[in-house]
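Please consult the sequence and the model while reading.

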Amino acid sequence: MYRPARVPSTSRFLNPYVVCFIVVAGVVVLAVTIALLVYFLAFDQKSYFYRSSFELLNVEYNSQLNSPATQEYRTLSGRIESLITKTFKESNLRNQFIRAHVVKLRQDGSGVKADVVMKFRFTRNNNGASLKSRIQSILRQMLNNSGNLEMNPSTNITAITSEDTADLVIRECGAGPDLVTLSEQRIIGGTEAEEGGWPWQVSLRLNNAHHCGGSLISNMWILTAAHCFRSNSNPRQWIATFGISTRDPKLKNRVRSILIHDNYKSATHENDIALVMLEKSVTFTKDIHSVCLPAATQNSPPGSTAYVTGWGAREYSGPTVTELRQGQVRIISNDVCNAPYSYNGAILPGMLCAGLPQGGVDACQGDSGGPLVQEDSRRLWFLVGIVSWGEECGLPDKPGVYTRVTAYLDWIRQRTGI
């Protein structure tokens, strides 16, 4: 009798549900392992900051390099920053390099020395001495191939903390929060300001109530509008507060003196500018420091973006707010602003218009004296206008009118020495 082949019993194999469970568990374990590996390799990173000084061998120092507002300062600093950036982006540290910034150009004999801070991002398990050596090596290659910008190739670098970096950056004017931390490009959205977003903003308080805005232009001086003091110019009744909240300010400072422009005319709003001297100097922090004054030749072309900030009312005749607000506007030419349908010739050369043709974004009551600022190519902020006047708030074809700061630089310098 033939015997058929014996079929193995299925009881020797695992249950299909068990197999499925094992496979799924294995996939989950593998996914978690890969995720952790990716995290530690790509995301568990630490920022490293370095400081260096570059001796420029073929540039003579001149008075135009005293201020970051001048085109000469901006151009030279920009060339140095671009050269450093290009060098690292073409090196094996292209993914670790974040940013370089010239914090100061200073005189070195008859030449120029540039103080620079740089930011990198490495995984935490990197050796500090090794990183410094790699950065140093790349910098030396750059200095030997710097084209028509001759630099001393013996430059050394020093590792510094993020706090040291912030301290170096805020000693100079106009640093926004992205520059203080050497971060990527700042994105400004919404209408409520963040702490440290506009660190030069001041609240000028009369009898302890917010009355006007102002801008910190040094550790002792605030620039504001003359019309803020029409009802009371007694410095003993004014205080200045700093920080985004008027309810809970970060700092309070008494006022020593108030200097109103001698030719201020309230009827025409002409020369609507004043200076406030503080009783004590302000210690700069990442949240409180000065804005840059523009150069006399600095231009604010029509259509360019500017920002106005303050605690003013959100609508005409409304109450002021306690948390700082910001508005993005566009510069409007004096010719357009003087059109019959707009201000019909009331805009004088010492004034500047900014807003939106359709209205909706504007300064309002309580914003007077506050800043209108613009950012330059190196991401420094400059005070181009002082909130002065306007017809109601946010009306179409009735933009905000500001005191044009470039028209008063000599007056500011004569009274403050800045």
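Ser368 touches Cys212, Gly213, His227, Cys228, Val387 and Ser388, leaving out residues up to four places away in sequence; contact means heavy atoms within 4.5 Å. The model is predicted, so local features need pLDDT of at least 70 and side-chain atom pairs count only at pLDDT 80 or more, while totals for chains, interfaces and linings use all residues. Residues are numbered from 1 along each chain as its sequence is written, and side-chain values use heavy atoms, without hydrogens and water.

His227 is in contact with Tyr264, Asp272, Ser368, Val387 and Ser388, apart from its neighbours within four places in sequence. The two residues are set out below.

Buried means under 20% relative accessible area, exposed over 50%, and partly exposed in between (1.4 Å probe, protein chains only). Strands (E, at least two residues) and helices (H or I, at least four) are DSSP runs, numbered from the N terminus.

An unreviewed UniProt entry lists His227, Asp272 and Ser368 under "active site". These residues are spread over 142 residues of sequence, yet they cluster in space, with a largest C-alpha distance of 10.3 Å. Such annotations may be inferred rather than shown by experiment; positions follow the numbering used here, and feature names are shortened.

Helix 2 covers residues 71-89. Its 19 residues should span 27 Å at 1.5 Å a residue, which agrees with the 26 Å between its end C-alpha atoms; the expected span is 1.5 Å times one less than the number of residues. Buried residues in helix 2 include Tyr73, Leu76, Ile80, Leu83 and Phe88.
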